[in-house]
Amino acid sequence: MNDAMACASQYFAPGPVPNTLGVPCVADRLCVAGSEAGLVAALRHGGERTMVLGQGSNVVLPERLDQPVVLAAWRGLRLRARGGEALLTAAAGEGWHGVVRYSLGQGWAGLENLALIPGSAGAAPVQNIGAYGVELSERIVEVRVFDRVENRVRTLAAEACGFGYRDSLFKADPVRYAVLSLTLRLARRLAMRLDYPDVELELQRQGVTKPTPRQVAEAVIRIRRRKLPDPRHWGNLGSFFKNPIVDPGQAERLAGSEPGLVAHPVAGGVKLAAAQLIDRCGWKGQRWDRVGVWHRQPLVLINFGEGRGPDFLALGEQVRRSVRERFGVDLELEPSVLSD
Ligand SMILES: Cc1cc2nc3c(=O)[nH]c(=O)nc-3n(C[C@H](O)[C@H](O)[C@H](O)COP(=O)(O)OP(=O)(O)OC[C@H]3O[C@@H](n4cnc5c(N)ncnc54)[C@H](O)[C@@H]3O)c2cc1C
């Protein structure tokens, strides 16, 4: 039986949902799609509530999900080079960091700042992953999706994907679009983004003055390993909150009452550093029953082993409340929250 037939028939079966939060979650109906056709068949068969997941590194899960789940698990990379540029197409089930490693290994620049972000390539455009001054949307040419409303495969140019800060059309309408693959533009020579303070400092430490893309990626990897908890030891989802964007008037008032507050003008307002706000509320390193706030990066909530989805949501709510009370700023959760 081929994968499409398998996904359309009996292979929706109870199964564990992978995740980096370290919480046990069983879906009543789970299907692992080993091909695009398998994913499409599963979506058609599973009904409109069927959810697509990759590696579960950006979802808060309940212990039991009655919503059908399809895991995008097929792989494939295709590189087309022309002169100093290349187009790299990655299948949804590729691991994101593997895509970065492959591109650098082939001598192409563009993804170095996005090294070591967990998760699948298919999920990367969903929240427009970003790190160290670069957002994925800057490299995306197009995204192939299965559109469940139009019931067909479509190719969306980057401009049609509604990319914003940790946001996209796919995140805004998760039921409609399933990402099948994405195509990225890379270059042999690229003005690399090196002005992020941590990256600058790390390169200086290594005595590197004219870094290659690989050296930038290595610097990013070292910084991330130092700062972020390894989900194999401490279950986590990376940043639990987005950096808030406030209006310029509020930013100015806060700057008056809170000296040293980090604030960057962006489209639509002024971006504050959620980590700093949380830190100033005294949360860094705090334990909250079975979960806690990572001592090196307060944007990250961690599992002490027995934590469950609701524990993270309860701690998240406490953190949000104290930030709201002190700064009058509402923090928005970054991960998707699934409930049973
Ligand atoms: C230690 C750690 C560090 C992190 N650092 C960063 C960081 O620096 N920057 C950053 O942006 N993120 C970061 N993250 C968050 C996470 O890695 C990314 O959001 C990643 O893209 C999620 O991939 P995933 O396959 O695990 O997605 P999942 O958690 O499986 O899914 C996330 C969301 O995407 C949807 N989705 C997944 N696959 C598809 C698909 N094929 N089609 C349509 N929808 C889909 C799901 O329905 C869900 O809503 C970090 C996470 C961890 C654990």
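Guide: Two strands are taken as paired when DSSP finds at least two bridges between them. The model discussed here is a predicted one.

Visitor: How many bridges join β17 to strand β18?
Guide: R287 stands opposite G292 in β18. The two strands, β17 and β18 (residues 291-293), run antiparallel. Pairing needs at least two bridges, and the number joining β17 to β18 is two.

Visitor: Which residue is the bridge partner of A33 in β6?
Guide: Strand β3 (residues 51-53) pairs with β6 in the parallel sense over three bridges, and L53 there stands opposite L71. Strand β2 (residues 26-33) also pairs with β6 in the parallel sense, over four bridges. In β6, the bridge partner of A33 is A72.

Visitor: Within what arc do the buried residues of α6 fall?
Guide: Helix α6 (residues 213-227) has 15 residues and reaches 21 Å from its first C-alpha to its last, close to the 21 Å expected at 1.5 Å a residue. Its buried residues include P213, V216, A217, A219 and V220. Seen down the axis of α6, the buried residues line one face of the helix, because they fall within an arc of 160°.

Visitor: Which elements do the buried residues of α6 pack against?
Guide: On the other side of α6, R225 and R226 are exposed. The buried residues of α6, V216 and A217 among them, pack against α3 (96-105) and α5 (197-205).

Visitor: How many residues of the shell around the ligand are charged, if any?
Guide: The ligand is surrounded by 35 residues, the closest being G54, G119, G122, A123 and G238. The elements giving two or more residues to this shell are β3, β9 (130-131) and β13 (177-187). The shell divides into 21 nonpolar residues and 14 polar ones. The number of charged residues is none.

Notes
Residues numbered from 1 in each chain as written. Predicted model: local features only at pLDDT ≥ 70, side-chain atom pairs only at ≥ 80, totals over all residues. Expected span 1.5 Å × (residues − 1). Buried ≥ 20, exposed ≤ 12 C-beta atoms within 10 Å, placed from the backbone. Arc of directions from axis to C-beta. Contact = placed C-beta atoms within 7 Å. Near = placed C-beta within 6 Å. Nonpolar A, V, L, I, M, F, W, Y, C, P; charged D, E, K, R; others polar.
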